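Q: Can you walk me through this model? I'd like to start with the ligand and then look at the packing.

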Amino acid sequence: MQHTAEWNALRLHQTTLQDVHLRDLFADNPQRGDNLSAQAHGWFLDYSKNLLNSKTIDLLAALADKADLRKKINALLDGETINVTENRPAWHAALRHPDPPPEVVRELNRMDDFIKQVHNGRWQTVVNIGIGGSDLGPAMATTALRAFAHQGLDVRFLSNVDGAHFEMVTDGLTPAHTLFIVVSKTFTTTETLANTQTAKAWLTNALGTQKVNDHFAAVTAHPDRAQDFGIYPQATFTMWDWVGGRYSLGSAVGLSLMMAIGSGAFKQMLAGMHQMDEHFRSATWAENLPALIGLIGLWNRNFWARPTYAILPYSQELALFTPYVQQLDMESNGKSTRAEGTPVATSTGPVVWGQPGTNGQHAFHQLLHQGSDIIPVEFIGFCRPNHDRTTHHDLLMANLFAQAAALAFGSGEGETNTDSDPHQSFAGNRPSILLLGEQLTPFSLGQLVAIYEHKVFTQASIWNINPFDQPGVELGKTLATGISSELAGTTKPKSTHDSSTQSLIRKYLALR
Ligand code: F6P
């Protein structure tokens, strides 16, 4: 893309904005806040506080066309083989389609039946055992939708192989009333299998061996492997190799979420996702929320050379949204090789980080406002809360709007006044978008998840990378397997390790 006329036009255009301040752009156009915004399906996107104008949006739209984004979206949503390195579709859109493939209908119905048993009072606690895409989505959504949760069922998430996590998650639980759902697409993930064995031992200690298997369900693309673990076929739910782990919330991977909120609310979430799929397919680029967020992110990443961005939800319920998008974005777009195997020539996926406002304000916003690096921000907020404490909500939202304004405009003329204290100077001119929703519900959460999935897809399409594989994770896994057998004493420590790793292993073996 970087050799195309469309890319070069954006480069040239960026130079015309190089010395411009957001204050000037707003002064020149009193309607800017309305003009540089988009709204669709209950969401309002304000992108006016970025160093861009309507010409930038036209040029970005031309770049999207040059990258064949429309054709790629259709291929994504229609289940074509777009995960080229693994030779399969990435068809998460089928999971939430109103007329899905029969196998999707079958599993949804099975989940529905299964959760009825859960709500019959037998189980007090459900523990989801999984990691990465088999944890982050359901954990994020269960936290986000706590206002819609069934009372009396405690849903917890166990992911880390650190034994301390097992201790923390099972603290205070009654084994007789605890159900574990083992979620692993591959059913080979070391962390998940180790936690499952420990869960079995924990149950066996308390209840004896006989009934232990009653306390497990599984979600996997390899049901035979779950059954080798003793998990019953009737409690094993299927996902398919065409569902990527970090795109799998709408599949049976969301079983623990469905248990928390019920199948009606779960289906509402799927409906919200589908609505955003169709919006992504059909809206013009200037009205297309995921495409716009992706293109503006790319503008900041490639043309302003910003290597990182922060996602700051002003919603405590979205506390796990940023970690969720970290995997979605960084595992998808953290690539240096194009889909066809040649090296990329531009910067790709940025570092994603953040935490909910207002807590972040008292932690890292200092650096956002006055640090030497400019970090674009993606704010998220809602007009109506899921509680009655409206004074709190007004305070929260006042902070949200104030932060976006302070980043953009700084302290007005203060910083040009040489008599003023330089420590008090806020230069402003720091970009942000603000995504304002009506209320956080299962439906709008589904929309939000799809917006971010498609934002990532938009950027991957322009960088021409495959966002659906993750080969970079494999090397660490292979090395850890070798080292863990050395730590267990089943193989001798290898002298072929580098000297740093050798000395760390020696130290650990001596001190453990
Ligand atoms: O971290 C690598 C990864 O392969 C992720 O892509 C995936 O979501 C996670 O591990 C868990 O994989 P599985 O669901 O197969 O246990």
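What follows is a short chat about the ligand site, one arginine and the nonpolar cores.

A: Some ground rules. This is a predicted model, where local features need pLDDT of at least 70, side-chain atom pairs count only at pLDDT 80 or more, and totals for chains, interfaces and linings use all residues. Residues are numbered from 1 along each chain as its sequence is written, and side-chain values use heavy atoms, with hydrogens and water left out.

Q: How many residues surround the ligand?
A: 13 residues do, and the closest are Gly133, Ser134, Ser184, Thr186 and Thr189.

Q: Which side-chain atom of Glu331 lies 2.8 Å from a ligand oxygen atom?
A: A polar one. For Thr189, a side-chain N or O atom is 2.5 Å from a ligand oxygen atom.

Q: New topic. Is Arg96 buried or exposed?
A: Arg96 counts as buried because its relative accessibility is 4%. Buried means under 20% relative accessible area (1.4 Å probe, protein chains only).

Q: What does the Arg96 side chain pair with?
A: The side chain of Glu453, in a polar contact of 2.7 Å. That term takes a pair of N or O atoms within 3.5 Å; within protein, one must be able to donate a hydrogen and the other to accept it, and residues adjacent in sequence count only if both atoms are side-chain atoms.

Q: And the largest nonpolar core, which residues have the most contacts inside it?
A: Met259, Phe321 and Tyr452, in a core of 113 residues. Such a core is a set of buried Ala, Val, Leu, Ile, Met, Phe, Trp, Tyr and Cys residues joined through side-chain atoms within 4.5 Å.

How values were computed
Buried < 20%, exposed > 50% of the residue type's maximum accessible area, 1.4 Å probe, protein only. Near = heavy atom within 4 Å.
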